[in-house]
Every structure is written in structure tokens, then in C-alpha cells.
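Welcome, and thanks for opening the viewer. Let's take a short walk through this model, one selection at a time.

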Amino acid sequence: MVRRLLRRMEREEEEVAEREAQPIQSSSGQKATEGDGDHQNAGEINTGLKNAGRCLTEYNRYSWEHIQAATSSFSSDLVIGKGTYGTVYKAKFQHTVAAVKVLNSLE
């Protein structure tokens with residue numbers, strides 16, 4: 001039941017994001033067709049829109065080495081918080097800032 005509720009909430013968030021992105025896409029399309037010869041700017045706008053939509057629907061997977069590099073080998077300077085289940089670190093992957101949680105395990 002909880003999974004169904006989460007899926008429904010995710011779908012609603014995706015629908016809202018799509019509705020918000022549609023006016024932006026149509027206006028960027030008009031700018032690209034009007035054009036002052038600035039094709040690079042139009043390409044950047046379209047790339048940004050594609051990336052924004054992708055972030056809502058896809059997840060990226062990173063290797064342990066990438067995670068270590070993004071957290072500076074789990075530096076104490078990048079600790080966001082500590083809790084019962086683990087420590088949370090600030091990480092930067094390419095152009096994305098994220099939180100990485102290292103779980104404590106008894107096993």
C-alpha cells in the first residue's frame with residue numbers, strides 16, 4: 001500500500017513537472033525559430049530542458065571510486081550529519097551536488 005502511494009506521488013510530481021516544462025519548451029522553440037543566428041544558445045536551452053526532465057525520471061549509478069572522489073574520501077569536512085543509521089556526506093558528481101549516506105551495519 002505504501003509503495004502504491006509512493007508511485008502515485010511520483011507520478012503526480014512528474015505530471016506537474018511536465019506541465020511546468022511545456023510552456024518553457026514552446027517559448028524556447030519560438031526563440032530558436034525566430035533566431036538571431038544564435039544556434040548555440042538554443043541548443044543549450046534544449047539540452048537543459050532534456051536534462052531537467054531526465055533528472056526527474058532517471059537515477060544515476062556511480063561506482064565506489066566515483067563516490068570516494070566526490071566525497072574527498074569521506075572527508076570529515078564534508079559531513080552533513082550523523083544519525084543512528086549512518087553518516088551523510090556532501091558530494092559533487094560532475095555538475096550535481098548530492099548527499100551520500102554511508103550506512104552503519106552490524107553485519
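Please start by selecting Ala 69. At 59% relative accessibility, Ala 69 counts as exposed, because the cut-off for exposed is over 50%. You will find Ala 69 in helix 3. Keep in mind as you look around that this is a predicted model.

How far apart are Ala 69 and Lys 92 in space, C-alpha to C-alpha? The distance is 8.7 Å, although 23 residues separate Ala 69 and Lys 92 in sequence.

Next, go to the largest nonpolar core. Select Ile 67, Ala 70, Phe 74, Tyr 89, Ala 91, Phe 93 and Val 100, the 7 residues that make up this core. Helix 3 (64-70) and strand 2 (86-93) each contribute at least two residues to the core. Which element gives the largest share? That is strand 2, with 3 residues. As background, nonpolar side chains in soluble globular proteins tend to be buried together.

From there, move to helix 1, which covers residues 2-34. Color Arg 3, Arg 4, Arg 7, Arg 8 and Arg 11, and you have a patch of positive charge on the surface. Click on Arg 7, which sits in helix 1: its relative accessible area is 46%, so Arg 7 is partly exposed.

For the last stop, pick Val 2, Leu 5, Leu 6 and Met 9. Together they form a nonpolar surface patch with about 370 Å² of accessible area. Met 9 belongs to helix 1, and with a relative accessible area of 40% Met 9 is partly exposed.

Conventions
Residues are numbered from 1 along each chain as its sequence is written. This is a predicted model: local features need pLDDT of at least 70, side-chain atom pairs count only at pLDDT 80 or more; totals for chains, interfaces and linings use all residues. Side-chain values use heavy atoms; hydrogens and water are left out. Patches are made of residues with over 30% relative accessible area and no salt bridge: like charges are joined within 9 Å, nonpolar side chains (Val, Leu, Ile, Met, Phe, Trp, Tyr) within 5 Å. Accessible areas come from the Shrake-Rupley method with a 1.4 Å probe; for residues, only the protein chains shown count as cover. A salt bridge is a side-chain nitrogen of Lys or Arg within 4 Å of a carboxyl oxygen of Asp or Glu. Lys and Arg count as positive and Asp and Glu as negative; His and the chain ends are not counted. The place of a charge is taken as NZ of Lys, CZ of Arg, CG of Asp or CD of Glu. Helices (H or I, at least four residues) and strands (E, at least two) are DSSP runs, numbered from the N terminus. Buried means under 20% relative accessible area, exposed over 50%, partly exposed in between (1.4 Å probe, protein chains only). A nonpolar core is a set of buried Ala, Val, Leu, Ile, Met, Phe, Trp, Tyr and Cys residues joined through side-chain atoms within 4.5 Å.
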